[in-house]
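Dear colleague,

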Amino acid sequence: MNFQVTVLKILVSYPDGFAVMEDLKRDMAILATSGRDWADRTRRLASRVPDLDIFSQGLVERISGGWRVTAKGRDILEFMEARPAPSEPSLTSLVNETSQPVFEIAPLPQPAERAKPRRERRERRREARERARANAS
């Protein structure tokens, strides 16, 4: 399993591309134990970007106890997932570009059926933490 591709894939699945470390670790563990399909897929995606380094290339930023995928990270992930074309743009120019991305990708809306249970879980965890703090006092 390619760690860096997995991080990108996990982050783009979250609203605003941000996930706290606890959620990242949980999702990473699930994918790591999901079998060969995921490992083969991440290996295939990583082969499209051999020198991938999500932090030094500015694809992921560390903020407030979590990580967020940048627009450049979304662009690279889209490049990795696209079907290879005979005349595709140079990957080096995409990764090393310091100006605006070659193309702007609008964030995809989170499907309602996935967002609602996630929101409910977060709310239940928040309520449980508040109850635990109140009981500890």
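The notes below take up a pair of helices and then a pocket.

This is a predicted model, in which local features need pLDDT of at least 70 and side-chain atom pairs count only at pLDDT 80 or more, while totals for chains, interfaces and linings use all residues. Residues are numbered from 1 along each chain as its sequence is written, and side-chain values use heavy atoms, with hydrogens and water left out.

The axes of helix H1 (residues 3-12) and helix H4 (residues 71-81) come within 10 Å and cross at roughly 110 degrees; helices are DSSP runs of H or I with at least four residues, strands are runs of E with at least two, and both are numbered from the N terminus. Axes are lines fitted to C-alpha atoms, for helices over the stretch in contact, with angles from 0 to 180 degrees between N-to-C directions. H1 and H4 are therefore roughly perpendicular to each other, a term that covers 65 to 115 degrees. The contact (heavy atoms within 4.5 Å) is made by Val 5, Leu 8, Lys 9 and Val 12 of H1 together with Gly 73, Arg 74, Leu 77, Met 80 and Glu 81 of H4.

Strand E1 (18-20), helix H2 (21-32) and helix H6 (112-136) each supply at least two residues of its lining, and H6 gives the most, with 5 residues. Among the lining residues are Tyr 14, Phe 18, Glu 22 and Arg 118.

With best wishes

Technical notes
Angles under 35 degrees count as roughly parallel, over 145 as roughly antiparallel, 65 to 115 as roughly perpendicular and the rest as oblique. On a 1 Å grid over the protein atoms alone, a cavity is a set of points where a 1.4 Å probe fits but cannot get out, and a pocket is an open set with protein on both sides within 12 Å along at least five of seven lines; lining residues have an atom within 4 Å of a point.
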